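Hi there,

Here is the structure I said I would pass on to you. Have a look at it first, and then read on for my notes.

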Amino acid sequence: MKKQVIATFLALMLTVPLMSGCGKQSEQPDSAIESTAAETSAAADTTDSAQEDETFTYDGTFNEEVFQHITQNIELFGHKVSMPCTLADLGEEFSTGEDNPYVDTEYSFVIYSLYFNEQQIGQITYNCDHELSETELKTLSFYNLSVSQYTADQNDSSISGFTLQDTFQQVQDALGTPTDASGYNDNGKGYVRYALTESQNISFFINQDQSIREIAVQVASE
């Protein structure tokens, strides 16, 4: 458990200097964030089964039910998945690009950049102590997913209704008081985290103007 806590902390810290750009402040007046899951067909992937005909409204609390909903309703550029998942689950348009991963052999995790159609959109973290083969990248489940405002037009990603268009105030209205938070660093960046445990949490990295620049969700590694 101690190793997993340290690995989680290191993974979070490593994402901050890799991000660029900033999120846009939402123009929507509603403070509550709602996520409506898409209706699935009989041929839909099994990862979409939890989303069928379901509307979920956040009410200012964070608990196990809320976290379960968050992890089961992730949409990246029209691809709906639940965590944990594999790179293959995301679809052929997603890859880890040509970047070298960050490998931590002491705490057994490796971080890859995540690309959609050759455009970087975030990062994924695997529970292992070595660089993965092409087959492992496609078939092993990752336990941490982050989406970031790398480009100004990245508006098609949603972590259960939370997007890079939102503000911290909207997040707080939806989930309540964070479990913990950091102050702003010299670059005017900080983060807040909502956690059930050290290995089950969602973090929001924020700019000084309260806009969201990255969302990271972590589930317990297998």
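Helices (H or I, at least four residues) and strands (E, at least two) are themselves DSSP runs, numbered from the N terminus.

This is a predicted model, in which local features need pLDDT of at least 70, side-chain atom pairs count only at pLDDT 80 or more, and totals for chains, interfaces and linings use all residues. Residues are numbered from 1 along each chain as its sequence is written, and side-chain values use heavy atoms, with hydrogens and water left out.

Confidence and overall make-up

The pLDDT (the predictor's confidence in each residue, from 0 to 100) averages 79 over the protein chain, and 73% of the residues score at least 70. Please treat one stretch with care: residues 16–53 have a pLDDT below 50, and in the model this stretch has 82 contacts beyond near neighbours in sequence. A contact here means heavy atoms within 4.5 Å.

The protein chain holds 5 helices and 16 strands. Of its 222 residues, 49% are buried, where buried means under 20% relative accessible area, exposed over 50%, and partly exposed in between (1.4 Å probe, protein chains only). If you take the contacts between residues at least 6 apart in sequence, 55% join residues at least 24 apart. The protein chain exposes about 10,600 Å², with carbon and sulfur atoms supplying 45% of that area; accessible areas come from the Shrake-Rupley method with a 1.4 Å probe, and for residues, only the protein chains shown count as cover.

The strands around E15

Strand E14 (residues 189–197) and E15 run antiparallel and are joined by 8 bridges. A hairpin through 2 residues connects E14 to E15, and Gly190 has Ile206 in E15 as its bridge partner. The hairpin of E15 and E16 has 4 residues between the strands, and in it Gln210 takes a positive phi near 80 degrees.

How much of E15 is covered? Mostly covered is the answer, as 7 of its 8 residues are buried. E14 has a further antiparallel partner in strand E13 (residues 180–181), through 2 bridges, with Asp180 bridged to Arg193 in E14.

Aromatic pairs

Rings of Phe, Tyr and Trp (its six-membered ring) pair if their centres lie within 6.5 Å; planes under 30 degrees apart count as stacked, over 60 as edge-to-face and the rest as tilted. By this rule the count is 12 aromatic pairs. Take Tyr126 and Phe142: their ring centres are 6.0 Å apart and their planes stand at 80 degrees, so this pair is edge-to-face. Because Tyr126 lies in strand E9 (residues 119–126) and Phe142 in strand E10 (residues 141–142), the pair ties together parts 16 residues apart in sequence. Both Tyr126 and Phe142 are buried.

Phe162 and Phe204 form another edge-to-face pair, at 5.4 Å centre to centre with 70 degrees between the planes. This pair links distant parts of the chain, 42 residues apart: Phe162 sits in the loop between strand E12 (157–159) and helix H5 (168–175), and Phe204 in strand E15 (residues 200–207). Phe162 counts as buried because its relative accessibility is 1%, and Phe204 does so at 0%. Both residues belong to one aromatic cluster, together with Phe56, Tyr58, Phe62, Phe67 and Tyr194.

Finally, is Asn117 buried, exposed or partly exposed? With a relative accessible area of 49%, Asn117 is partly exposed. Asn117 is found in the loop between strand E8 (109–116) and E9, and its C-alpha atom is separated by 9.6 Å from that of Gly97, 20 residues apart along the chain.

Best wishes

Terms used:
Two strands pair if DSSP finds at least two bridges between them.
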